[in-house]
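Colleague: I'm still new to reading strands and sheets. Could you pick out the strand pairing here and walk me through it slowly?

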Amino acid sequence: MAQYSVAVVGLGKIGLPLAAQFAHAGMRVIGCDISQEVVDTINAGHSHVKEEPGLEEMVAAGVADGNLSATTDTPGAVRKSNVVLVIVPVIVDEQRNIDYRYIDAATASVAAGLQRNTLVIYETTLPAGTTRTRFGPKLEQGSGLKMGRDFSLAFSPERVYSGRIFRDLRKYPKIVGGVTQQCTSRALAFYEVALEGAPVMPMQDADTAELVKLMETTYRDVNIALANQFARFAASRGLPVDQAIFAANTQPFSHIHRPGIAVGGHCIPVYPYFLINESGDETMGLLVEARTVNDDMAEWAVGRLGEALNGLEGKRVLLLGIAYRENVKETAFSGAVRIIDILKKQGAVPLLSDPLYTPEELLRYGGEPVTLEPLPACDAAILHAYHDAYKSLDWRKLAEKGCKVVLDGRNSLDREAIESARMRYIGIGR
């Protein structure tokens, strides 16, 4: 077995679990981050990333065994390592244009410590060709070494889901592509050891591996848009879209996704633009339309709520969940932000509930923070993120507080319980 020493650059929600996994596989791992607080927390044997089952225990074990440590000195860590894994997020603006400044800075730090025969792997989702044409030359310029000759360079997209990362690492094949065949082979050999026998799948090259991740996420976006259009059609006819989707998917060639009030997060609303921006709207018209459909769902859903209440002016509307999805403290491109804006423009008073956020954090989103103990007086409620904390919500007590309508933005709530509490239930196509 090859003896690997690994520098993991970027200790966020994906980077830290990867570092912990590599340490669990018996590798010496140095995690690199620009935050001294993050570094100190890890070196004390704790995880700063919450809501990830098993991570706290794996970090503690890795530090106790001496396999895992952290530092803010990225060049120093790279000098001590024969594998460097970069998973620093790219930043995107509201138009989904990429700002490479942070990952470029991380690449410069890696280049400053890069040694001969080191394997460098990027896992951050990127436009196809970026590893080879952007980061390879930057590593060469900063190190004086030649990619494919003096150091190996590869791309392997992260394919995990927050809240189940360790399970996904074992379940889904690890896609790997290098800038040369030798680079691919070295990266494959590393992941076979690092992931302790989980499936690994080689691609023709790094560009192809980058395209894989863009295709995965874009497929989901387009499929959700299709489901949302089905939901709007079903709603106009008084038909149950969820029942129809379930039945359609019993046919093996049908894989219709679930409709919903919004599509948020770092991935699905963003990565289609990596293809759109490279190719243009005309070439990727289907992707552009899917993005429009999904972004419009919040306004359509709130419009249905307004119809049920005979207008939203002066109405107090309880928004359940600010995070972009359930049980994850993250608001990147969250549909809740759009919903709050729509409610305010129509004269409603948004009441913000999210058990993962403090009242001070909720205030930043422009509504009135509330708790569920006691329940606030309201005219309506909207479910945006179905956190576990909402599964025990007493609908009868909410009705007693004046709530007349519940908009189930995820088609996840107990319709019978809501209607038995004498409130009107509105789903997405239900």
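Modeller: Let's start with a term: two strands count as paired if DSSP finds at least two bridges between them. Strands of a sheet pair through backbone hydrogen bonds, in either a parallel or an antiparallel way. Keep in mind that this model is predicted.

Now find Cys32 and look across to E3, where its bridge partner is Thr71. That bridge links two strands, E2 (residues 28–32) and E3 (residues 68–71), which pair in the parallel sense over four bridges. Thr71 sits on the uncovered face of E3 along with Ser69, while Leu68 and Ala70 make up the covered face.

Next, have a look at an open sheet of six strands. Reading across, the order is E13-E12-E11-E14-E15-E16, and the pairing is parallel. Its edge strands are E13 (368–369) and E16, each of which pairs on one side only.

Inside that order, E11 (residues 316–320) runs parallel to E12 (residues 349–353), and five bridges join them. To get your bearings there, spot Leu318, which stands opposite Leu351 in E12.

Methods. Residues numbered from 1 in each chain as written. Predicted model: local features only at pLDDT ≥ 70, side-chain atom pairs only at ≥ 80, totals over all residues. Heavy atoms only, no water. Buried < 20%, exposed > 50% of the residue type's maximum accessible area, 1.4 Å probe, protein only.
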